[in-house]
Amino acid sequence: MNFQHVIDKVPDYKVFLTVDEMDESTRKLAEEFPDAVTVFEAGKSRDGHPIQCIKIGDGPKNALCFACPHPNEPIGAMTMEYLSRALAEDKALRDELGFTWYIIKCADPDGTRLNENWFKGPYNIFNYIRNYYRPVGYEQVEWTFPFEYKEYRFDKPLPETQVLMKIIDETRPEFMYSLHNGGLCGAYWYISHDLPELYEGFHNSARKEDVPLDLGEPETPFATEFAPAIFSLNGQDEYYDYMEKHTGKPPTLDVGADSHTYASSKAVCVTLITELPYFFRSTNRGSE
């Protein structure tokens, strides 16, 4: 598949959309393409904000994409802003991909609102840090899926996490994209399955946009490096075993599982995570 024609149409976004702007854009997309797009309220946030899910197409396989599970990471939201429109207006693309798409632009609207003061710039480290918000682990959508392993049990999924759980339960996605981004780094990826045929494309996509690869050590010492800057997506069970092995006792945890652990317990699911920086320099952590 050659998707260059799709990539070439990505707008030159200058700012990030707010939660309200994303919601309005989603409603307009459904109005513009009623034959291809359905929008439904998948649930509500802790503060009662509706979480909108966009359903696009009718392919035989299901794909779930959700952005802002960490509310200070809106690059993914803009990715879904474009992808949802590209899928809606291009039936040939939908047919070629063969998925029914479920897209949530903002999985944590409450936390994302607390970052909006830097969404329109100026884009410098001072303004980002001054207006930055990221919740503690047990209040993060991505890290509060139910989890039980050996002596540890976590069963306090957030309302936002329950939204994702419900969609996963109902659709059993074969592909899932949890959209993230870093702060000060290069580009790197996590993937649930070793798929070497994809890696050159990952690297080239970063180089084409002059984004350096992050060639330092992985965030977790037990991750497998499939290729430079591409790592295995590991679960809390592996973290538990690693800590138990090296400390001689069960670790103290206060979070649950991630979305891939939950999805893969329901069906075979390939999960991808892309980490892109806001700021980088060529000498950062061995970046290229």
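A note on names: helices (H or I, at least four residues) and strands (E, at least two) are DSSP runs, numbered from the N terminus.

Before going on, I noted that this is a predicted model, where local features need pLDDT of at least 70, side-chain atom pairs count only at pLDDT 80 or more, and totals for chains, interfaces and linings use all residues. Residues are numbered from 1 along each chain as its sequence is written, and side-chain values use heavy atoms, with hydrogens and water left out.

Back to α7. This helix covers residues 159-171, 13 residues in all, and I read 19 Å from its first C-alpha to its last, close to the expected 18 Å (1.5 Å times one less than the number of residues). Which residues of α7 are buried? I found E160, T161, V163, L164, M165, I167, I168 and T171; buried means under 20% relative accessible area with a 1.4 Å probe, protein chains only.

Next, the sheet. I traced nine strands in an open sheet with mixed pairing, in the order β1-β2-β4-β3-β7-β11-β8-β10-β9. The edge strands are β1 (37-44) and β9 (225-227), each pairing on one side only. Two strands pair if DSSP finds at least two bridges between them.

β1 runs antiparallel to β2 (residues 50-56), with seven bridges between them. What is the bridge partner of T38 in β2? That is K55.

How values were computed. Buried < 20%, exposed > 50% of the residue type's maximum accessible area, 1.4 Å probe, protein only.
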